[in-house]
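Please read it alongside the sequence and the coordinates.

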Amino acid sequence: GAGVSQSPSNKVTEKGKDVELRCDPISGHTALYWYRQSLGQGLEFLIYFQGNSAPDKSGLPSDRFSAERTGGSVSTLTIQRTQQEDSAVYLCASSLTRGTDTQYFGPGTRLTVL
Amino acid sequence: AQSVTQLGSHVSVSEGALVLLRCNYSSSVPPYLFWYVQYPNQGLQLLLKYTSAATLVKGINGFEAEFKKSETSFHLTKPSAHMSDAAEYFCAVSDQRYSTLTFGKGTMLLVSP
């Protein structure tokens, strides 16, 4: 079956612009996670969704970052007023539920802020 | 707070040699532990996971890892390296409340012919 998909695969934007990154999880997976991978910080957790709710937003680095999930499926990560330090690969993962279920990762969106 | 330490940002082996990638964790509760592999320009793929069952865990592509509570370690091994094993490997520990993953910095495995 289809895996986790993310779009766009690459995004180049200018400092100060807003960007939206999309994640389509595996059908039927109730848990969805966003992570960020950057050279300086490695892989960092951003936010966790269970269904459409986000009980853990502790990894969002600032209030410029927000995310939503609709219909228990698609999720959008929005970064407002982008800064150069936001440049990174943004990875989405989904799992059937939380607990010991495997998290399946998408290919990521590479964001470059000029 | 949980944390993961991977010793060695780069490990080089010859094809056919033993692969050993080291991972130590810190957790206040019994951990769930994972190894993921990342090939260039791709997402992360699960190699294996430890979830408090058998301490020796076998994964895909001939990899295995042993959970040692006394050493707080979860090292990844493979008896004989293949060129296709060249990739970056990440060890991770799971938060048991929401299952968010805390990753190590990663180890790049280089395999020479």
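1. Contact is taken here to mean heavy atoms within 4.5 Å. On that basis, chain A brings 22 residues to the contact and chain B brings 19 residues. The model is a predicted one, and every value below should be read accordingly.

2. The area buried between chain B and chain A is about 1700 Å². Of this area, 54% lies on carbon and sulfur atoms. On the side of chain B that touches chain A, two or more residues each come from strand 4 (32–38), strand 5 (44–50) and strand 10 (101–103) of chain B. Sorted by class, that side of chain B holds 8 nonpolar, 8 polar and 3 charged residues.

3. Which kinds of polar pairing cross the interface of chain B and chain A? The rule finds 6 residue pairs in polar contact, with both residues at pLDDT 80 or more. For salt bridges across the interface of chain B and chain A, the count is 0.

4. Chain B contains an open sheet of 5 strands, in the order 1-3-8-7-6, with antiparallel pairing. Its edges are formed by strand 1 (3–7) and strand 6 (56–58) of chain B, each of which pairs on one side only. On average, neighbouring strands of this sheet are turned by 20° against each other, direction ignored.

5. Within chain B, strand 7 (residues 64–68) and strand 8 (residues 73–78) are paired over 5 bridges in the antiparallel sense. Glu64(B) has Thr77(B), in strand 8 of chain B, as its bridge partner.

6. Chain A has an open sheet of 4 strands in the order 1-3-8-7, again with antiparallel pairing. Why is one side of strand 1 (5–7) and of strand 7 (65–69) of chain A left without a neighbour in the sheet? Both strands stand at the edges and each has a single partner strand, so one side of each has no neighbour there.

7. In chain A, strand 3 (residues 19–24) and strand 8 (residues 75–79) run antiparallel and are joined by 5 bridges.

8. Two backbone details in chain A should be noted. The peptide bond joining Ser7(A) and Pro8(A) is cis, with omega about -10°. Pro8(A) is placed in the loop between strand 1 and strand 2 (10–13) of chain A. Arg81(A), although not a glycine, has a positive phi of about 45°. Arg81(A) is found in the loop between strand 8 and strand 9 (88–95) of chain A.

How values were computed:
Residues numbered from 1 in each chain as written. Chains lettered and ligands numbered in written order. Predicted model: local features only at pLDDT ≥ 70, side-chain atom pairs only at ≥ 80, totals over all residues. Heavy atoms only, no water. Buried area = accessible area lost by both parts, 1.4 Å probe. Salt bridge = Lys/Arg side-chain N within 4 Å of Asp/Glu carboxyl O. Polar contact = N/O pair within 3.5 Å; in protein donor to acceptor, adjacent residues only side chain to side chain. Nonpolar A, V, L, I, M, F, W, Y, C, P; charged D, E, K, R; others polar. Pairing = 2+ DSSP bridges. Axes fitted to C-alpha atoms, helices over the stretch in contact; angles between N-to-C directions.
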